[in-house]
Amino acid sequence: MQHKLAEIIVEVGKEINRKKKLLISGGQWNGDQLKTKADMLAHKLLVSKLLRLKKLPIISEEDSESHLILRPKCYWIIDPIDGTRSFVDGYPGWVTQVALVEHGTILKAAIYAPDLDLLYLASKGEGSTLNGGRLMVKKSDKDQVRLIDNYPKPEGIAKIIMKMIPCKNYIESGGISLKICRVADGMADLFVKDVKIRDWDVAAPMLVLEEAGGSISTGDGSKFLLSNGFDKSGLVASNSEEVKNMATNIMSNFIKQAGI
């Protein structure tokens, strides 16, 4: 299945990339989410291909009706384009992604960043890979932490974390999924977010990171569970428990004050 899942995610990513110029017009904001023709096309392509691979319920960011159902025992969860803002702005930080979940456990994950030609794959208990090479997080000293976020320079909670830990370096990247994967592949050590995070943003890269030896939690340090509602309060992804704990000690107070 993993090989076929990789084929599907790459096919969809490349198809969206080929049609990028036709698909970026007419984007509209829906709450805090930017929606374009590309999001819907990626959704339709993924759904049709996944159902041929294994006919299961599909929970998708682009299908609001799928957010209303009780969680199936086994299902696909997809984010057809994570990082739509990057896609529209021509920044190579967007991905298309899918995860297979059974009884709340993520069994398979596939993430593809077309502009960067990065393919991340993971299987529960079998490790994760980047373009076929085995991934293992790079442990850093607590005074050598590299922070990653999606702005040219640290803002908001990232700026606070940068000063309070403190962090050695700052890296700019794209959508949520890619930033988590960049912790898994060793480019960064820590990624934090103090906004509402949805399960489809995190399911696939969470397995990639955890199988590479990293750690992920909600903003207050709680385990990121694929259960109950799809919204979670904040996110901390790191290369170690020590780094995660330092960040969540700061994040938990910030989230409470912000009412997230």
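What is the strand order of the open sheet of 5 strands? The order is β11-β10-β12-β14-β13, with mixed pairing. You are looking at a predicted model, in which local features need pLDDT of at least 70 and side-chain atom pairs count only at pLDDT 80 or more, while totals for chains, interfaces and linings use all residues. Residues are numbered from 1 along each chain as its sequence is written, and side-chain values use heavy atoms, with hydrogens and water left out. Helices (H or I, at least four residues) and strands (E, at least two) are DSSP runs, numbered from the N terminus.

- Two strands count as paired if DSSP finds at least two bridges between them; β10 (residues 146-149) and β12 (residues 190-198) pair in the parallel sense over 2 bridges.
- Within that pairing, Ile 148 stands opposite Phe 191 in β12.
- β12 and β14 run antiparallel and are joined by 7 bridges; Leu 190 stands opposite Ser 238 in β14, and Phe 191 has Ala 237 of β14 as its bridge partner.
- β13 and β14 also run antiparallel, with 3 bridges between them, and Ser 217 has Val 236 in β14 as its bridge partner.
- Buried means under 20% relative accessible area, exposed over 50%, and partly exposed in between (1.4 Å probe, protein chains only); β12 is mostly covered, with 7 of its 9 residues buried.
- β14 is largely enclosed by the rest of the structure, because 6 of its 8 residues are buried.

**Nonpolar cores**

- A nonpolar core is a set of buried Ala, Val, Leu, Ile, Met, Phe, Trp, Tyr and Cys residues joined through side-chain atoms within 4.5 Å; the largest has 41 residues, and Ile 180 and Leu 235 have the most contacts inside it.
- Among the elements that each supply at least two residues of this core are α6 (176-184), β12 and β14, and the largest share, 8 residues, comes from α7.
- Ile 180 is in contact with Phe 191, Val 202, Pro 205, Leu 209, Ile 216, Leu 235 and Ala 237, leaving aside its neighbours within four places in sequence.
- A second, separate core has 26 residues, including Val 10, Ile 16, Leu 46 and Val 98.

- Helix α1 (residues 2-18) has 17 residues and reaches 24 Å from its first C-alpha to its last, close to the 24 Å expected at 1.5 Å a residue; the expected span is 1.5 Å times one less than the number of residues.
- Among the buried residues of α1 are Ile 9, Val 12 and Gly 13.
- Thr 96, found in strand β5 (residues 95-102), counts as buried because its relative accessibility is 1%.
- Not counting residues up to four places away in sequence, Thr 96 touches residues including Ile 9, Val 12, Gly 13 and Pro 80.
- The side chain of Thr 96 reaches the backbone oxygen of Pro 80 at 2.7 Å.

Key. Polar contact = N/O pair within 3.5 Å; in protein donor to acceptor, adjacent residues only side chain to side chain. Contact = heavy atoms within 4.5 Å.
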